[in-house]
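Trainee: Could we go through this one together, a piece at a time? I would like to start with the helices and then move on to the sheets.

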Amino acid sequence: MTAVEGPAVLAGADLHKRFGQTVALAGAGMRVARGEIVAVMGPSGSGKSTLLHCLAGIVLPESGQVRYGETDLLQLPDSRRSRLRRTEFGFVFQFGQLVPELTCLQNVALPLRLSGLGRRTANARATAWLERLDVAGVAAKRPGEVSGGQGQRVAVARALVTGPAVVFADEPTGALDSLAGEQVMKLLTDAARESAAAIVLVTHEARVAAYSDREVIVRDGRTRESVVLT
Amino acid sequence: MCRVRPVSISHALLGLLEDGPRHGYDLKHAYDERFAPGRPLHYGQVYATLSRLLRNGLVVVTGVEAGGGPDRKRYAITDAGVTDIERWLRTPEKPEPYMQSTLFTKVVLALLSGRDAAEVLDSQRTAHLTAMRELNRRKAAGDLADALICDYALFHLEADLRWLELTAARLAELAERVRP
């Protein structure tokens, strides 16, 4: 095993998590440097999505550490952890992440509105991101009225609109064909690199993982990389 | 067992000798059974390979039985031979299509000798992904024709990787077959 030490924007160490009798994580750990794109790969059921959820503070492990900068994510009260997730992290999932009743523009502006920004400023920033991702044309449409590829680009815009330090992407192209998937990955990684956001990219597809800087393999809830947090 | 022919007969023979010294005749049959059922090696190939290994100091002759003839020699792997096979197992193959027979040999030999076969697959995965990242960069920098050529290579490397993942998932089963 390779021991990796030193500063990281985000790091998890010795994470253990069970769901009932099923062991999802059995000591997994990984670190992500500022602006780094790391693919998390492994067979189905290996624990890669649980690792992402623990690093993002969505799921609390039974033991282990998650450090965002100097902040111990697992020691924070729920309310502060939620706020940190909203302001510092972005999320892109495979399905069902856009609010169906809102327009695409309102969806992208939503995280800014939740953080207290005024409607006009939020909409202006959201519009700029829709343009950046080449989907300004669907701003007034609802998610159910756009294609899968367009919907994922809107989701990417929403993930990046707050200027997050880390974007968590779980099979972001899983429901798309090859060409739409490639366009989404290129836009996501280019936009993240421009704004120095790191990406934790869970995928089982090698062509998607090839957009990363390096890969971490999860097998039976463990990673080969052993992270030491002091 | 699948019918695949290892690209490196010499490493396959070295790997088989790690279990203990053998005659050339035994080696040929062990090889045919493990790696090439239905497509046996010629004796000439076996002896040519063994004399090259001998010349390079990777095997030694530990005894010659009365009666003479080339197949009466007993061969044993040397320390240099063990080092050589370890280096071979650790070094990923250059990512290119139709390399599965070499990888298959590496995985079986790693399992036979109790080494970490998952590590062989992991280092190969890293080599493949590195090649795929390079293709992505070429794609981004080139025109549509470049993109189409790179796509072709990317899909083939991806197919290799899917085979690697499936093999990784079947290692426990494969280990039982190889070392009953």
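Trainee: Is the crossing of α3(A) and α5(A) left-handed or right-handed?
Mentor: The crossing of α3(A) and α5(A) is right-handed, where right-handed means that the near helix is turned clockwise from the far one by less than a right angle, and left-handed that it is turned anticlockwise. Bear in mind that this is a predicted model, in which local features need pLDDT of at least 70 and side-chain atom pairs count only at pLDDT 80 or more, while totals for chains, interfaces and linings use all residues. Residues are numbered from 1 along each chain as its sequence is written, and chains are lettered from A and ligands numbered from 1 in the order in which they are written.

Trainee: Which residues make that contact between α3(A) and α5(A)?
Mentor: From α3(A) come Cys104(A), Asn107(A), Val108(A), Leu110(A) and Pro111(A), and from α5(A) come Val154(A), Ala157(A) and Arg158(A); two residues are in contact if their C-beta atoms, placed from the backbone, lie within 7 Å. These contact residues divide into 6 nonpolar, 1 polar and 1 charged, with Ala, Val, Leu, Ile, Met, Phe, Trp, Tyr, Cys and Pro counted as nonpolar, Asp, Glu, Lys and Arg as charged, and the others, Gly among them, as polar.

Trainee: And at what angle do α3(A) and α5(A) pack?
Mentor: Helix α3 (residues 104–114) and helix α5 (residues 148–160) of chain A pack at about 25°, with their axes 7 Å apart; axes are lines fitted to C-alpha atoms, for helices over the stretch in contact, and angles run from 0 to 180 degrees between N-to-C directions. The two helices are therefore roughly parallel to each other, given that angles under 35 degrees count as roughly parallel, over 145 as roughly antiparallel, 65 to 115 as roughly perpendicular and the rest as oblique. Helices (H or I, at least four residues) and strands (E, at least two) are DSSP runs, numbered from the N terminus.

Trainee: Over in chain B, how do α2(B) and α3(B) cross?
Mentor: The axes of α2 (residues 24–35) and α3 (residues 43–55) of chain B come within 10 Å and cross at roughly 115°, and α2(B) and α3(B) are therefore roughly perpendicular to each other. Their crossing is right-handed, and in it Gly24(B), Leu27(B) and Lys28(B) of α2(B) meet Tyr43(B), Val46(B), Tyr47(B) and Leu50(B) of α3(B).

Trainee: Changing topic, which strands does β4(A) pair with?
Mentor: Strand β4 (residues 37–41) of chain A pairs in the parallel sense over 4 bridges with β10 (residues 214–219) of chain A, and also in the parallel sense over 4 bridges with β9 (residues 198–202) of chain A; two strands pair if DSSP finds at least two bridges between them. In β10(A), Val216(A) is the bridge partner of Val40(A) and Glu215(A) that of Ala39(A), whereas in β9(A) the partner of Ile37(A) is Ile199(A).

Trainee: Is β4(A) mostly covered or mostly open?
Mentor: Mostly covered, with 5 of its 5 residues buried, where buried means that 20 or more other C-beta atoms lie within 10 Å of a residue's own, exposed that 12 or fewer do, and partly exposed that the count is in between, with C-beta atoms placed from the backbone. Ile37(A), Ala39(A) and Met41(A) point one way from β4(A), and Val38(A) and Val40(A) the other way.

Trainee: What about the open sheet, in which order do its strands run?
Mentor: Its 4 strands follow the order β3-β2-β5-β6 (chain A), with antiparallel pairing. β3 (22–32) and β6 (71–72) of chain A stand at the edges, each with a single partner strand, so one side of each has no neighbour in the sheet.

Trainee: Is Asp14(A) buried, exposed or partly exposed?
Mentor: Asp14(A), which lies in strand β2 of chain A, is partly exposed, with 17 other C-beta atoms within 10 Å. Leaving out residues up to four places away in sequence, Asp14(A) touches Gly27(A), Gly29(A), Gly64(A) and Gln65(A).
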